[in-house]
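Subject: Handing over a structure

Dear colleague,

I am passing this structure on to you, and below it you will find what turned up when I went through it. Please have it open while you read.

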Amino acid sequence: MSSPYDPQFAPAGDVGTALMMIDSRLKGIHGGRTETDAEQQALTDHFAASLDAEGIDDVLDGVCTLIFMFMTWLRRTHEEHGKDVIEYVVPTLVATMRQMPKSVGAETIPTMAGLVIAAGTDLSPNLWRKQYGYWTEEEMTPLEVTAFLLAEHINRIAADPDFATRMISRALSGSDEG
């Protein structure tokens, strides 16, 4: 029996832009930049201002697709070792977000955990989230943080700082060929 939150019913969105945002943040953090560069922020703001409502929705869906793809990889990796991805990933993710009160308000953590749990149980995080209404502005940074933390978690597991980005890039390249 299929669920209305089955990934086959979800739009993929603009995964390329979402991946570029996450990869840029990863590279910045690994380069020692913990604050957003003013020039980079201006470019991001300019890009965001150029998007219409559909473009914004596409990027949001793209970030959710990244979360789904990251959790799919994590689930498979954990299952290979007889472990439950929810048990091992969600508490770490929540604990890390709780340490980021300037970026992630406590009220957004349950939603972000819900997205990860949905993806970890093979449900579409964006369809799961949409049942509660449209995204709020307060959820934008926590959403990006969630995708970032999952990518960083994957990179640590793989002992490769670019593994998550490369994995998604390869998947996108493969889907372009098909």
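This is a predicted model: local features need pLDDT of at least 70, side-chain atom pairs count only at pLDDT 80 or more; totals for chains, interfaces and linings use all residues.

To begin with the loops, Asp122 sits in the loop between helix H5 (109-120) and helix H6 (125-130), where helices (H or I, at least four residues) and strands (E, at least two) are DSSP runs that are numbered from the N terminus. Residues are numbered from 1 along each chain as its sequence is written, and side-chain values use heavy atoms, with hydrogens and water left out.

Asp122 is not a glycine, yet its phi is positive, at about 65°. Its relative accessible area is 39%, so Asp122 is partly exposed; here buried means under 20% relative accessible area, exposed means over 50%, and partly exposed lies in between (1.4 Å probe, protein chains only). Ala159, also a residue other than glycine, has a positive phi near 55°, and its place is the loop between helix H7 (140-158) and helix H8 (163-177). Ala159 counts as exposed because its relative accessibility is 68%.

H5 is mostly covered, with 10 of its 12 residues buried, including Ile109, Met112, Leu115 and Val116.

Next come the charged pairs. Side chains of opposite charge can pair when their charged atoms come close. With a salt bridge taken as a side-chain nitrogen of Lys or Arg within 4 Å of a carboxyl oxygen of Asp or Glu, the count comes to seven.

Which side chains meet Lys27 in a salt bridge? One is Asp23, at 3.5 Å from N to O, and both residues belong to helix H1 (residues 15-30), where they are four residues apart, about one turn of the helix. Another is Asp162, whose closest N and O atoms with Lys27 are 3.2 Å apart. Asp162 lies in the loop between H7 and H8 while Lys27 is in helix H1, so this pair ties together parts that are 135 residues apart in sequence. As for cover, Lys27 is partly exposed at 44% relative accessible area, Asp162 is partly exposed at 29%, and Asp23 is buried at 15%.

A further salt bridge joins Arg129 and Glu139, with the closest N and O atoms 2.7 Å apart. Arg129 is in helix H6 and Glu139 in the loop between H6 and H7, 10 residues apart, and the pair links distant parts of the chain. Both partners are buried, Arg129 at 4% relative accessibility and Glu139 at 7%.

Finally, Glu79, Glu80, Asp84 and Glu87 form a negative surface patch, a patch being made of residues with over 30% relative accessible area and no salt bridge, in which like charges are joined within 9 Å and nonpolar side chains (Val, Leu, Ile, Met, Phe, Trp, Tyr) within 5 Å. Of these residues, Glu79 is found in helix H3 (residues 53-80).

With best wishes

Methods: Accessible areas come from the Shrake-Rupley method with a 1.4 Å probe; for residues, only the protein chains shown count as cover. Lys and Arg count as positive and Asp and Glu as negative; His and the chain ends are not counted. The place of a charge is taken as NZ of Lys, CZ of Arg, CG of Asp or CD of Glu.
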